[in-house]
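Have the model open as you read.

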Amino acid sequence: MSVVMENKTETQAALQTMRDQLGRVLLGKSAQIELVIACLLAHGHLLLDDLPGTGKTTLAKAVAECLGGRLARIQCTPDLLPTDVTGFNLFNQKTREFEFHPGPVFADVLLADELNRTTPRTQSALLEAMAERQVTIDAVPHALSETFFVIATQNPIDSHGAYPLPEAQLDRFTIKLEIGYPDRAAQLDILENATRATTHSELNHTVLSLIELKRIQRQVQTVTVHPRVREYLVDLVEATRGDSSIQLGVSPRGMLHWQRIAQAWAVLQGRHFVTPSDVVHVARPVLSVRLLTTAPNVGGVIDRIMASVPAPEYK
Amino acid sequence: MTMSQRKRTESIVLAVIAVISVTPLRYFVESRAWFIAEFVTLLGMFVVAEVGKTFRVARPKLLANSATGLLAITPIVFAVLARVFASPIAFEMSALSTFAAGSLALAMGSGHDRTRAMSIVAGGFLILFATSISDNSRTVLLAILWMAICVWHLVTNHWEKLELCMPDTVRSSVGIRPFSAVASITLCIIGGLVVHDRVGESNRFSFGIMPTSGGSKWSDSAARTGIGTGDAAIAAKDHAESFGAVESDIFLESTESSLFDMFSDSIGEPKKTKTAARAQAMGNENVLPLHERAAKSEQGGTSFSTDRMPPKQHTHFSDKVEDAVIQWDGPTGIRLATDRFDNFDGVQWTNTATHRNEKLSRCDLDQSVWFFDPTAEPRALKQSENVSVNLLKVLRLASPRLPVPMMTSGLHIKDIDRQDFFGIEDDGSFFMPGRDLVPPLTIVNVASLSVMEDELIGLNAQNLGSPRPASGRGAGAEGCSAYEQLQSMVSHLRTEFTFDRNTENSVEGFLQTRRGGDHLFATVAALKAREIGLESRLVTGFYVRPESFDITAGHANVSSGDVHVWVEIKLADGRWFEIEPSPGYREPVYTPSLWLVTKRFAAAHWIHGLLAIVASGLLYSTRLIWIEWLLTGVWLVSGILRPKRQLGLAMRIVETRARLIGSARPTGKPQRDWLESLVARDVHLQDHVKQFCDVADQTIFGESGSIERRRLSTVVRALKTKQLKLATHKATA
């Protein structure tokens, strides 16, 4: 018991530091940071859907720094090839052997910028990496980092030459976030920080080792989900499938993602069980990435579905 | 309850109502035992199919499915069984029941919206059909109930989103479901009231009387299908026992000739019985049985003999001893008037009026010829819904006058279109002119008006120059209307005096001993009515005793012992209505209109009504207070429950309070989020609520530890209606 408690406090302390650190980088966005951490703990991937210059890259970098892991970045352009992402075998004239040159996916945190600007072919190259955490090159599977975390961004305005992400790809992301513009106070802080001398060193330290992260991820996996909460999840998922304004509802994989991130959210709140509130809190980012609606306003549809399914009560 | 479960329950309820709607159509006409057996079987199957699932049985699905299947075919099985055991159920009824059972089985067995819709459509058809063919006006209530549930069902299935799409600001506290159910019922009732009285009334099919000389006690079912037409020949052809226009002596049961015999040109004068019988062919199927009855064939060895048996005596001769004078097919407990007298000289009543009219106006209605009293005809034709037509069969009445109910306006005898058959005597009674008596076995259709009590209320008392002219209009002093005085006079006679025909009394003696025959009651009542200022007259005739109704024959026998005397009072428009002063006789029924009943009820109970309104207004305006008390009381006694139940109850109490102040928890919002949003502005409460929610979450979803009652009580006490109001007010502000 005491070990568990100790673990728990340790975890909470680490998570709090991570919150603080990310909060210093991305000002006034504590709610989004919370979800990003939840996504990380849920062993998922994150899709950022936002305007340029709102701090997506900064966030990704900060996450990588917090973990002390490697950050790789791909700038997705139409001429990007799958091998540019995954890596390739090169014939070494000296050794007369093929040598494997790992691509950027072999990092701990992968930032795929403007993912919807590249071709579907390259997008698909990420599929296996994201789902299986391995890539297969010339029939040889290569395992990726165990804490492999993809942060992809897509640009909503830029429709020229954009290839919308296929549903299969979208479904592999756990959540979609919109960081949005910071509020007035935060913007003032940003300006003020920019005039200070760069004190990068204070950021540059690891708060959560990869091993630590793996432990927490395993802990998240074992968080209790009460049968009634599970039923609630199933009800919600079925509601998305039965709704007339939704073309594609939530898949079983999406449902698993949902449960996992609800568990992660519970851990973030310092609990070892999931409550209906956790499910509701993460519903919007989870659903917005994978619901294909006929109505232009996805948020409205999500709100309606959440309002129509009765939440489990205290009884 | 999940949505599909709710849909299923609702469609089952609808189907059950459809099944119920068949019940009144069948219950009263069929063999009770079979009917009850069938419905018990239906119920049993229903229970097995529904409850079987909840108990642990081997292969519950198979059990439920087979029970549902059996349920669907139960009416068919019973139709066959009942037919086998010689108690057949009408095919239509079996078909309707099959329909109902099928609808129920569909609703129970289906997992799809489409099949459910089929069940609802079938049930709806059944309800509509049952309502339209039912005699009872209350069946409409069943239809309205069905419709309300159906609307509720449809709205929940198809309009739910509408409610959710509405912005919170315009979302009313009354949900869209109750609202639309109430609206559709209102519409339905308004529609019903609009078409009310504009569609033709359905006529009840009734059995009439066959002009058989066989008497009144016994009646042949086949003869009765002749339905009082006088056209007995058809019945007589097949049934020798019945009397008709057949001169054959074998078939004739009576020596008396019927009206049909006398006026049917095709037959002419009745033949003398001495002359040779003219036979009319019998139906083949009747030859043998009749032969067996009239002759006896015997076979002995090689010989064969047939002996004609002596004609049997009439088996139902007893009727002649029982002196039914007339037979009456209509309501019982009423009076049939023959003579009226309007002048009393202190000893004797005589008639002075001159209403004589032998030229009744002819009127062809539905291919039959009616003769109407010219003064009453327009009213009778205009208010046809107030006219009731009954059958009078005169057996042996030594008078040309026809005993008919009050306010009779017209007469009709089948195939008679001669004007000189009917007339009105000086005293206003119907009679057959130029005769010594009404021909025996005459069947007369009598159309009489009924009168609503409303018309009597406005009774005007004229100053008749009676001995006490001071008692003019309304007899002022007491401030009572003439009608009320009349009523009190009649009830005084009926309660304070004793009916005894055997005492020979004068009016004075009657008033002293308070005992006398009905003529004395009637005389006193008539004179008293004149004192009030009303025009009255004495009426003699017959009283149709309720117990004289012969259910098998479908008519009442009125004998000479039923002679009776009563009183009629004149209305302002010249019509006369009767009153019954003699105890032991039923009083005439004057139905008050709904409006009058309402007025009377309001007059009697307005103070209660006012109090009720004030009380309910008070209750409504103080609802927050007393419901709060109630909830607190419930919470106080809830200590006996298990901790988890207590937690549920505590939340329920808080939610009830919130609903009362119009900020109910949205369905999709978890209770924790809702509570936190409620107290978002209240730092003190916030802590309480947060702790409470933490513990509650831990108990319910973390399944460890238990919540203390102290903590629950804190929340129940903290989140009183007042605080909630304050909190929501802050939140919106």
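Strand β3 (residues 324-329) of chain B has 5 of its 6 residues buried, so the rest of the structure largely encloses it. Buried here means that 20 or more other C-beta atoms, placed from the backbone, lie within 10 Å of a residue's own. Helices (H or I, at least four residues) and strands (E, at least two) are DSSP runs, numbered from the N terminus.

This is a predicted model, where local features need pLDDT of at least 70 and side-chain atom pairs count only at pLDDT 80 or more, while totals for chains, interfaces and linings use all residues. Residues are numbered from 1 along each chain as its sequence is written, with chains lettered from A and ligands numbered from 1 in the order in which they are written.

Who sits beside the strand? Two strands count as paired if DSSP finds at least two bridges between them.

| Partner of β3(B) | Sense | Bridges | Facing residues |
|---|---|---|---|
| β18(B), residues 555-559 | antiparallel | 4 bridges | A324(B) and S559(B) |

Zooming out, chain B comes to 25 helices and 20 strands, and 31% of its 733 residues are buried.

Now for the contact between chains. It takes 20 residues from chain A and 22 residues from chain B, with two residues in contact if their C-beta atoms, placed from the backbone, lie within 7 Å. On the chain A side, α13(A) gives the most, with 4 residues.

Terms used
A residue is buried if 20 or more other C-beta atoms lie within 10 Å of its own, exposed if 12 or fewer, and partly exposed in between; C-beta atoms are placed from the backbone.
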